[in-house]
Amino acid sequence: MPGCRKLSTKNSDRLIGILLVLPILVWLLSIFCYPILDTFRLSFFNQRLLGSPANYVGFDLYKKLLFADEEFWVACKNIGIFTFFIVFFQALIGLMVAVILNKNFFGRNFLRTWIILPCVIPYSVIAVIGR
């Protein structure tokens, strides 16, 4: 036909792949993005859980939180410190265990098995049940 191009096999496969994945992507985006966007929209209203209707306050709650509430900044500092130390010590402990388990000693394979077992068992159970 004049004016119509035939898609190459590579482009045709790519198009089919995109069309097959598109519905699940739309669904996942709606499941994950809608609550975030709705929460952001609701943050511009001041509403009690029961009783009075919501009244629009705009950025007043953000101004109050960021500039007038000292407890917010104390909480941010505490969360930052907590996160830093948790990540640091978990990485340190994980590295120490990895170095220890990489050395040759009696029972090394037994310990490796017992450490990895909690990660493997759920998938093994699912595989046996789904058979």
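Biologist: Leaving aside its neighbours within four places in sequence, which residues is Ser43 in contact with?

Modeller: Bear in mind that this is a predicted model. Once the neighbours within four places in sequence are left aside, Ser43 is in contact with Gly58, Leu61 and Tyr62. As for its place in the chain, Ser43 sits in the loop between α1 (9–42) and β1 (45–46). Ser43 counts as buried because its relative accessibility is 18%, and the cut-off for buried is under 20%.

Tyr62 leads on to the aromatic residues. Through ring pairs, Tyr62 belongs to a cluster with Phe40, Phe44 and Phe59. The search of the whole structure gives 11 aromatic pairs.

Away from this part, helix α4 covers residues 108–129. Its 22 residues, at 1.5 Å a residue, should span 32 Å, and the end C-alpha atoms are 31 Å apart, so the two values agree. Even so, α4 has a kink of about 50 degrees at Leu117, shortly before the proline Pro118.

A disulfide is a covalent bond between the sulfur atoms of two cysteines. The structure holds 0 disulfides. Cys33 is partly exposed, with a relative accessible area of 32%, and Cys119 is partly exposed too, at 48%.

Conventions:
Residues are numbered from 1 along each chain as its sequence is written. This is a predicted model: local features need pLDDT of at least 70, side-chain atom pairs count only at pLDDT 80 or more; totals for chains, interfaces and linings use all residues. Side-chain values use heavy atoms; hydrogens and water are left out. A disulfide is a pair of cysteine sulfur atoms within 2.5 Å. Buried means under 20% relative accessible area, exposed over 50%, partly exposed in between (1.4 Å probe, protein chains only). Rings of Phe, Tyr and Trp (its six-membered ring) pair if their centres lie within 6.5 Å; planes under 30 degrees apart count as stacked, over 60 as edge-to-face and the rest as tilted. Helices (H or I, at least four residues) and strands (E, at least two) are DSSP runs, numbered from the N terminus. Contact means heavy atoms within 4.5 Å. The expected span of a helix is 1.5 Å times one less than its number of residues. The bend at a residue is the angle between axes fitted to the seven residues ending there and the seven starting there.
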